[in-house]
Amino acid sequence: MARSVLITGGAGFIGSAMVAQLSAQGYEVHVLDDLSFGRRELAAVPDDRFIHMDIRDRSAVLEALARLRPQWVLHLAALHFIPYCNAHPTEAAEVNIMGTVNVLDACEAANGVRHVFVASTAAVYPIKDDAIAETVGPGPMDIYGITKLATERIAGEFHHRTKIPVVVGRFFNAFGPNETNPHLIPEIQRQVLAGQRTLKLGNLDPKRDFIHTADMSQAVIALLEAGLGGFEVFNIGRGIEYSVREVVEAFARQLGEPLSIKVDPARVRNVERMHLLADVSKLRKATGWEPRWGLDEGVATLLQEVPLP
Ligand SMILES: NC(=O)c1ccc[n+]([C@@H]2O[C@H](COP(=O)([O-])OP(=O)(O)OC[C@H]3O[C@@H](n4cnc5c(N)ncnc54)[C@H](O)[C@@H]3O)[C@@H](O)[C@H]2O)c1
């Protein structure tokens, strides 16, 4: 019988890529999402495998997990867009912290969950100018990173209490189709698809480790299939960083047309981090995983997407 998997946040940007990959690999995938940021059509599951639910609704989450009794739970549902979290700190704490408590308590009560994956973020790290390994101590700098560090700690406590194996994945910057939040790459994509050849952007020099959502999904699946026991934390990035200028150059190459940049003062943000680069040696060693998508290949597919509204 196919292994049943529940993905919270499966109608979102990264979750929908995981739904697609797990389904393609023969898993029976269920999605729980309140569609606050995700979209129903992104979660490629039939209606009887889609649970429209808010993870803050504790009794409903307990009841849903007890009914479903999935073997794996991938907990991705969270408020993730940093400007939104800064503007709504109470909501961010309720969803990212209390929502995680509810999902994990429901995993324990469901009696039969064999593995849990919890999505965290590189935002739990302090500023560092070279590649960051998992051994670097935490130093989140915003409400989002603080709530995700709490998510990790709650997941650790859950493991010690229940002995259910837990993998925490610290995602670096995802890119790929179906973005739900107005990050840098979808903004460049939107302007290019709208016909602009002089792009209006903010800070141009910060570098980020962009990893395609298909590679991210494969890394998570590889970690779960590795059957690790205990509580383990892994960076999930590509191990290469690109500046905003370099991302624009990749768009120009794939477009076959030059693109210029005009710095828009309204978009310039106080950026504390000039670098955010993953050391992925622990992930590689545990799974043999290798990324398949380069920046240019990913950008090429984004240029085929229907223009964003
Ligand atoms: N996108 C990135 O680059 C990135 C980087 C680091 C970490 N992450 C983490 O990865 C996970 C997925 O992020 P994403 O980029 O796909 O974002 P997303 O906003 O597209 O996905 C989050 C999903 O969770 C759902 N959700 C939000 N609040 C909920 C609630 N109260 N109850 C039920 N569902 C709820 C949303 O509707 C959405 O579908 C998050 O945990 C995020 O913190 C993402």
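This report walks through a sheet, a helix and a ligand site.

## Ground rules

Keep in mind that this is a predicted model: local features need pLDDT of at least 70, side-chain atom pairs count only at pLDDT 80 or more, and totals for chains, interfaces and linings use all residues. Residue numbers start from 1 along each chain, as its sequence is written.

## The sheet

Let's start with the open sheet, where 7 strands run in the order β3-β2-β1-β4-β5-β6-β11 with parallel pairing. At the edges sit β3 (50-52) and β11 (231-236), each pairing on one side only. Strands here are DSSP runs of E with at least two residues, while helices are runs of H or I with at least four, and both are numbered from the N terminus. Two strands pair if DSSP finds at least two bridges between them.

For a close-up, take β1 (residues 4-8) and β2 (residues 28-33), which pair in the parallel sense over 5 bridges. In this pair, S4 stands opposite E28 in β2.

## Helix α6

Now look at α6 (residues 184-193), where I185, P186, I188, Q189 and V192 are buried (20 or more other C-beta atoms within 10 Å of a residue's own, with C-beta atoms placed from the backbone). After α6 comes G195, with a positive phi near 100°.

## Around the ligand

The ligand is surrounded by 29 residues, with G9, G12, G38, A78 and F171 the closest (the C-beta atom, placed from the backbone, has to lie within 6 Å of the molecule). α1 gives the largest share of this shell, 3 residues.

Methods. A residue is buried if 20 or more other C-beta atoms lie within 10 Å of its own, exposed if 12 or fewer, and partly exposed in between; C-beta atoms are placed from the backbone.
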